[in-house]
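Hi,

Here is the structure I promised to send over.

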Amino acid sequence: MKLTPLEPWITHKIDHVDLAEYQLQKLRDTLQLAREKSRFYRRQLADIPIDLTSLDDLTRWPFTTAADLRVNPLAFVTVSQDEIQRVVTLDSSGTSGAPKRLYFTREDQELTIDFFHIGMSTFTAPGDRVLILLPGETPGSVGDLLATGLQRLGAVPIKHGPVRDAVVTLDVMRREKINVLVGVPTHVLALARHPTKSPLNLKSVLLSTDHVANAIKHAIEAAFGGTVYNHYGMTEMGLGGGVECEARRGYHLREADMLFEIIDPQTGERVPDGEYGEVVFTTLTRRGLPLIRYRTGDVSRFIPEPCPCGARLKTLERITHRLAGRVLIGDQTLTMADLDEALFAVDGVLNFTATMVNDNGHDSLQLEVKIAADRRSMPVIQSITAAVPYAQYFDLHVSSVNAIPPSLAKRTIIDRRNLA
């Protein structure tokens, strides 16, 4: 099994010094930058000592939240406005609330390109033809940065954008002789479950932007023959956070650019490796908008056992759900991952939404399930009904579709029970 290419890449980036020593020095630099240049951190860190002696001293620093970013994103910026190369606006996941804005310098984006270049080399070789099913028209967008990274690898990137019509995308795959695919899990699933998908044989598929259910991975691999890998990232991380190696049991992380922690979401204390908690990260090398102990809301753990690929880097278990996406139904906890594994295992299911409501004191899970237009039949609907956990609590609506809306938002269970 091949060692993750992130390991030699990081070793080179830190100039072969001890990783913990490197991270400690970068933490000191980040703290100084934030206190001197960021209006937000100047206030928040005013009483925090800067004489860090170990990485454990990071626990003295307060957390940064998405709400902090929404209040005044410009207060986080540590460079002059003319140094900002790219601004990304993330709308609130609710019906109201200010958006988050992230600001990146040219150097910040170069760090992302570098990560994409090395991370993609895990399963992509020079000469491979890669179809990018992510936004890529705007300079500095995720698809644009990925294309640049692939060019440095010697691969041939084709920027396509999100899947809007499976027939069109499948035709592009055939015409361009695509052998590597990068896209959103449900978008690629729509291609895999389209009746005109054959004959297409892929070498590898990278799924990003959302949780990847095993049921989706298996359906894609069965349809296209390639190996599915997972990427972990968010805009707040600079788009790239980690990627699976050939062992495919979790993500190896950008540990030269970010420091990751797992905390108890209730107490804020770090948890031992192997225990689940909330993923928190601190940027180490970002100039435009550093983030210190940013709470992602994602639930995972560090896998304590060594990775079969031989890496010394940490392995973060694949993200399956978010803190905000867990709901109590009856006396059981339900997550989007539970529904994903159950529903996507039904052949023909392309996507669904899940909303918890309370009607006259009765909890109900409203499911809107989208199935392929050619698969609408009573056996499919019966299979969906049988697959749903806690069926006594749900209301089901099934509709057939020919096209998939190009949403890139993370899917989650929406809980409307406590809304006025």
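How many salt bridges does a search of the whole structure find? The search comes up with 23, where a salt bridge is a side-chain nitrogen of Lys or Arg within 4 Å of a carboxyl oxygen of Asp or Glu. Before I go through some of them, a word on the basis: this is a predicted model, in which local features need pLDDT of at least 70 and side-chain atom pairs count only at pLDDT 80 or more, while totals for chains, interfaces and linings use all residues. Residues are numbered from 1 along each chain as its sequence is written, and side-chain values use heavy atoms, with hydrogens and water left out.

Side chains of opposite charge can pair when their charged atoms come close. (Helices, H or I with at least four residues, and strands, E with at least two, are DSSP runs numbered from the N terminus.) Both partners are partly exposed: R129 has 27% relative accessibility and E176 has 25%. For the cut-offs, buried means under 20% relative accessible area, exposed means over 50%, and partly exposed is in between, using a 1.4 Å probe and protein chains only.

Another bridge joins R322 to D298, also listed at 2.8 Å, N to O. Here too distant parts of the chain are linked, with R322 in strand 14 (residues 321-322) and D298 in strand 12, 24 residues apart. R322 is partly exposed at 29%, whereas D298 is buried at 2%.

Then there is E261 with R270, whose closest N and O atoms are 2.6 Å apart. E261 is buried at 2% relative accessibility, and R270 is partly exposed at 32%.

There is also a network of salt bridges, linking K13, D114, R254 and D257. D257 is worth a click: it lies in the loop between strand 9 (251-253) and strand 10 (258-263) and is buried, with a relative accessible area of 3%. Leaving out residues up to four places away in sequence, D257 touches W9, K13, L111, T282, T283, L284 and T285, a contact being heavy atoms within 4.5 Å.

Is helix 9 largely enclosed or open? Eight of the 11 residues of helix 9 (residues 214-224) are buried, so the rest of the structure largely encloses it. The buried ones are A215, I216, K217, A219, I220, E221, A223 and F224. Their cover includes helix 7 (166-175), helix 8 (185-192), strand 6 (204-207), strand 7 (227-232) and helix 10 (336-343). Just after helix 9 comes G225, with a positive phi of about 80 degrees.

Over in helix 1 you'll find E7, which is buried at 7% relative accessible area. E7 touches G310, A311, R312 and L313, again not counting residues up to four places away in sequence. The C-alpha atoms of E7 and G310 are separated by 9.5 Å, although the two residues are 303 apart along the chain.

Most residues other than glycine have a negative phi. H16 is not a glycine, yet its phi is positive at about 65 degrees. You'll see H16 in the loop between helix 1 (6-13) and helix 2 (19-37), exposed at 62% relative accessibility. R293, not a glycine either, has a positive phi of about 50 degrees. R293 belongs to the loop between strand 11 (277-283) and strand 12 (294-300) and is buried at 2%.

**A charged patch**

Last one: which residues form a positive surface patch? They are K37, R39, R42 and R43. Patches take residues with over 30% relative accessible area and no salt bridge, and like charges are joined within 9 Å. Helix 3 (residues 39-44) gives the largest share of this patch, three residues. R43 is in helix 3 and is exposed, with a relative accessible area of 58%.

Cheers

Note on methods
Patches are made of residues with over 30% relative accessible area and no salt bridge: like charges are joined within 9 Å, nonpolar side chains (Val, Leu, Ile, Met, Phe, Trp, Tyr) within 5 Å. Accessible areas come from the Shrake-Rupley method with a 1.4 Å probe; for residues, only the protein chains shown count as cover. Lys and Arg count as positive and Asp and Glu as negative; His and the chain ends are not counted. The place of a charge is taken as NZ of Lys, CZ of Arg, CG of Asp or CD of Glu.
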